[in-house]
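This report covers one protein chain and some of its local features. The sequence and the structure come first.

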Amino acid sequence: MSDTSTPPPRLRRPAIAALGVLALALGALQSVVEPALPLLQRELGLGPAEGALVANTLLVTGAVLTPVAGKLGDRYGGKRVLMRLMAVVAAGGLLAGLAPGLPMLLLGQVLQGAMVGVLPLSFILVRVHLPAGRTQAAIGVVVALFTGGGMAGMLGAGLIAEHLSWHWMFVLPTLVVVVAAVLVARLMPSDEPVRRDERIDWPGVVLLSATLLAFMLGLVLLTGGGLPPLAAGALLVLVAVLATAWVRVERRAVSPMVDLRMLARPAMWQACLLTLLVTVTLGMVTLLLPQLLAVSGDGYGFDADTTDIGLYLLPGAIAGAMSDAVGGVAARRFGARAVVAVAALATAAVMFALAVQHDSAWQLALAKTLTAFAAGIATTALLAGIATAVAPGDTGIATGLLVVTRVIGVVVGAQIAGALLAAGTDAGTGLPAEAAFTTGFAVTGVTAALGLLLVRATRASRPPHPVEPAHTPAKEGARS
């Protein structure tokens, strides 16, 4: 019988605060590259393709490592694996900060990608050490602080680079990560592995990592327009072969990395599909709005520079951070599906309205704020719901798969939006026509509406008890 329903007496607010500071610092370290990418390209003499590689390396490695980190956390204990990941991230941050050129910078970004695995490990810790009623709210706070750190990193990267150097953009957040990790190690009680006697399914780990790596690299290359059709087809076949091999291995493994029965439960696969739709929408908005703000075309562009774009999008970043904190509480009170339905309806309405009228910058800023808030509460509600709906031994891998789905959805959404703009680019000016943005907003609205339809279509198929009977902790976990 699990004893996770009673929090250990040693767990106090300072331990939760230390975990929150760690999430904040990791979010800042993750986000510094995006606003400083033009500067890095100038300083290091990088071309557009190399710049895209720098921007996407952390994303790719994070997607590959996250489910592995979650599984290892289930097997060896969340705190134990978290501390080892922090050592990897700290090494990556220092390497990036000391990098004299592109190779060492890329190596640093590869190591920093381990930070994405912190989220499922944090979810393991809060589920073990907090009662069920507080788990979902705590997950929302952790995700909110990670998002808030990203906002701080985006705003502070330019100031640090201008007044110190781009090297300090990596060094300063890394120092905070080290301090916070030490505090977590001292203040956070250790958690006992839920499945200490199980062996790690290393063939499953390797095949899943290879599948995700091939898939994410293909998305990055397609987004950058550097993949010929024949190569794209070959990569698609490779992904299909790797995924098929992984499924065959997992079916035969005594202790599989991912219990396919857990993945096949409606609560799990529906959460993954809903997360994908929500984040595809978010990815499209994330690409379309800055592009329209920057366009200097006649009659529909705003000719905004990098600083102006950042200010227009700042309310959306704040709303995203706030929504992550609200999402966990909303999931507990109303259920994850109700939260997703409201978020999808709001996003669809906003994007359809933007397709009709987008002649003022404030309209774009408001649309970003509303859609960021909606996406934040929806994805966090789904994470919080699954964290308490699966068996305790599956918390890390289940939430890790949802985190990976979020990353994939954003990349896919950005790729779709980029393709729509490319298809509507005027050959004479090299700029997308206004109709391309209108189409992009309309397609985003349709995608959001599909999420609402999926919620309604799958409601009747919800299982009454999505967790294994031996581990069912509360009715609210089954409801989500």
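Gly424 is partly exposed, because its relative accessible area is 23% and that class runs between buried, under 20%, and exposed, over 50% (1.4 Å probe, protein chains only). Gly424 sits in the loop between α16 (395-423) and α17 (434-458); helices here are DSSP runs of H or I with at least four residues, strands are E runs of at least two, and both are numbered from the N terminus. Beyond its neighbours within four places in sequence, Gly424 has contacts (heavy atoms within 4.5 Å) with Leu431, Pro432, Ala433 and Ala436. From the C-alpha of Gly424 to that of Glu434, 10 residues along the chain, the separation is 8.3 Å.

The model is predicted: local features need pLDDT of at least 70, side-chain atom pairs need pLDDT 80 or more, and totals for chains, interfaces and linings use all residues. Residues are numbered from 1 along each chain as its sequence is written, and side-chain values use heavy atoms, without hydrogens and water.

Another loop residue is Leu164, between α7 (132-163) and α8 (166-187). Leu164 is exposed, with 52% relative accessible area.

Helix α1 (residues 13-31) has 19 residues and spans 27 Å from first to last C-alpha, close to the expected 27 Å. Its buried residues include Leu19, Leu22, Leu26 and Leu29.

Values for the protein are tabulated below.

| Property | Value |
|---|---|
| Secondary structure | 18 helices, zero strands |
| Buried residues | 54% of 480 residues |
| Contacts at least 6 apart in sequence that join residues at least 24 apart | 81% |

How values were computed: The expected span of a helix is 1.5 Å times one less than its number of residues.
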